[in-house]
Amino acid sequence: MISYLLDTLKKNKKIYAWNLKVICKDTYELYFIKQKLEMNREVNTTNYIVTIFVKGNKKGEEVLGKSTFSLYSSMSENEIEEKIDEQITLCKYAYNKMYELPKKSNLKQFSKEVGFDGLSLKDAAFIAADALFEADKFDKGYINSAEIFISYEETKFFDSNDNVFLYVNEIGNIELVTTWAEENVEVELYKSFAFDSLDTKYIQQQANDVLLEASNRFKAIRTPSLNNVKVMLTGEYVKRYFNHFAYKLSNDAIYANESNYAYNQSIQSGNKCDLITMRFESTLKGSTLGRPFDDEGIALKRLNLYEKGVVKNFYGSNAISQYLDKPVNGNYKNLIVNAGTLQKEDLNEENYLEIMSLSDFDIDTVTGDFASEIRLACLHLKNKNKQFVTGGSISGNVYESLNVVRFSNETNQINNFVGPSKVLLDYVKIGSGE
């Protein structure tokens, strides 16, 4: 079908330019209730994603219409041609200012290291299951259900400028629900995580962490009234914190008036904070996301975003980057942030609330405001034992503490993010759960 699609797109004179992304995915799936295997199956899918561009003229100026759509192996040749003609018509209702499309690239073919050690998908899936259930050793807590997906994914990209890119990836995904039953009360927690190598210790640790979180909720008291207590972000919330500052350098954010950042602008000042240094990478060991090229066929390379709190580069979609007269750097998935200077010993002199689980943690893209309910946190007070707490809320603004923020000197990886394992914020309001 690929040859037919390429030939059809090349021959259609109504199309100014095009690209075709073909994603072939083989997956072995396991479904468990507790530790009993309920179903296993192998699934093979192929997705054909087409983007076409149609040139027009509006008030004497060249304009460009764009449409992205999917085609399926089950479609006949007539159905495919009708679909393309339909999308050509739709392009004429969505004209935008003219911009250049990605030119021929010298990007070399690239594939990640094989992540599952040459094992079959089936064998890798059962090894992952064994590792997962190694954590299922608690008396009062257990894995209620689990779904395991081990995939081999091949992405092929073609466009009208004779670019041909190929990228192969192996991906594991696990979804699980844990139950902790104590004192006639049950707590159920859901977790999902992805991985690109068969690290059995990592898989076991992920399950163990969610079981311990459920256990700690039974130990938690209601969050008391707190003043002069800092807030420490951990895990996924650290990733979201830094993603906010990465988004601020998106040309799409600037175009939408959600950012006013400029080259060489310093977003931090003073000597009481850890300065943000971050970059993008096209591919990253341990990440299931990212490719050497983006969805528009733009070849990606390392891109420095901030150096010690100073803006160095912008990124984003092809059209918007050109509209803003900025270099076309493409869109990325993998973010790396340098460690800070905060050591464990420094925390002995701090009163802080360590966040472990929140109802959500959305940071307003314009203002930097955030607010969330506390599901589980650990209160650390000087000269006192730590105490798990639940209920209440946190609220604040990421910019209010930007000049006093501290990042841990230890780093952690969460799939496509590598950065400090902890972020210590000041000026955060903690609402009582009492």
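# Pockets, a sheet and a few loops

Asp-162 sits in the loop that links S5 and S6. The model is a predicted one.

User: Asp-162 first, then: is it buried or exposed?
Analyst: The cut-off for exposed is over 50% relative accessible area. Asp-162 comes in at 54%, so the label for this residue is exposed.

User: And what phi does Asp-162 have?
Analyst: Most residues other than glycine have a negative phi. Asp-162 isn't a glycine, yet its phi is positive, at about 70°.

User: Where does Asn-228 lie?
Analyst: Asn-228 is another residue other than glycine with a positive phi, near 55°. At 77% relative accessibility it counts as exposed. As for its place in the chain, that's the loop between strand S8 (221–222) and strand S9 (230–234).

User: What about Ser-282, buried or exposed?
Analyst: Ser-282 is in the loop between S10 and S11. Beyond its neighbours within four places in sequence, it touches Gly-290, Arg-291, Pro-292, Leu-300, Tyr-332 and Asn-334. Buried means under 20% relative accessible area. Ser-282 has 14% relative accessibility, so it counts as buried.

User: On to the pockets. Which element gives the most to the lining of the largest pocket?
Analyst: That pocket has a volume of about 1,500 Å³. Strand S7 (185–195), helix H4 (200–219), helix H5 (236–247), strand S14 (352–358), strand S15 (369–380) and strand S19 (411–414) each give two or more residues to its lining. The top contributor, with nine residues, is H4.

User: Which residues lie nearest the centre of the largest pocket?
Analyst: The lining runs to 39 residues. Sorted by class, that's 13 nonpolar, 14 polar and 12 charged. Nearest the centre are Lys-191, Glu-213, Gly-235, Glu-236 and Met-356.

User: How much space lies in the second largest pocket?
Analyst: Its lining has 27 residues, with Leu-289, Gly-290, Asn-331, Tyr-332 and Lys-333 nearest the centre. By class there are 13 nonpolar, seven polar and seven charged residues. The space inside comes to about 530 Å³.

User: Which element gives the largest share of the lining of the second largest pocket?
Analyst: The elements giving two or more residues to the lining of the second largest pocket are strand S5 (141–159), strand S6 (164–182) and H5. The largest share is four residues, and the element behind it is H5.

User: What are the edge strands of the open sheet of six strands?
Analyst: The strand order is S12-S11-S10-S13-S20-S19, with mixed pairing.

User: What is the bridge partner of Tyr-306 in S12?
Analyst: Strand S11 (residues 303–307) and S12 run antiparallel and are joined by two bridges. Tyr-306 has its partner in S12, namely Val-311.

User: At what angle does H5 run to S20?
Analyst: H5 lies across several strands: strand S10 (278–281), S11, strand S13 (334–337), S19 and strand S20 (417–420). Its angle to S20 is about 100°.

User: Last one: which residues are buried in helix H1?
Analyst: An α-helix has 3.6 residues a turn, so residues three or four places apart point the same way. The cover over the buried residues of H1 includes strand S1 (17–33), strand S2 (36–58), strand S3 (61–71), helix H2 (77–91) and S5. In H1 (residues 2–11), the buried ones are Tyr-4, Leu-5, Leu-6, Thr-8 and Leu-9.

Notes: Residues are numbered from 1 along each chain as its sequence is written. This is a predicted model: local features need pLDDT of at least 70, side-chain atom pairs count only at pLDDT 80 or more; totals for chains, interfaces and linings use all residues. Side-chain values use heavy atoms; hydrogens and water are left out. On a 1 Å grid over the protein atoms alone, a cavity is a set of points where a 1.4 Å probe fits but cannot get out, and a pocket is an open set with protein on both sides within 12 Å along at least five of seven lines; lining residues have an atom within 4 Å of a point. Grid points are joined across faces, edges and corners, and a volume is the space filled by probe spheres set on the points. Ala, Val, Leu, Ile, Met, Phe, Trp, Tyr, Cys and Pro count as nonpolar, Asp, Glu, Lys and Arg as charged, and the others, Gly among them, as polar. Two strands pair if DSSP finds at least two bridges between them. Contact means heavy atoms within 4.5 Å. Axes are lines fitted to C-alpha atoms, for helices over the stretch in contact, and angles run from 0 to 180 degrees between N-to-C directions. Buried means under 20% relative accessible area, exposed over 50%, partly exposed in between (1.4 Å probe, protein chains only).
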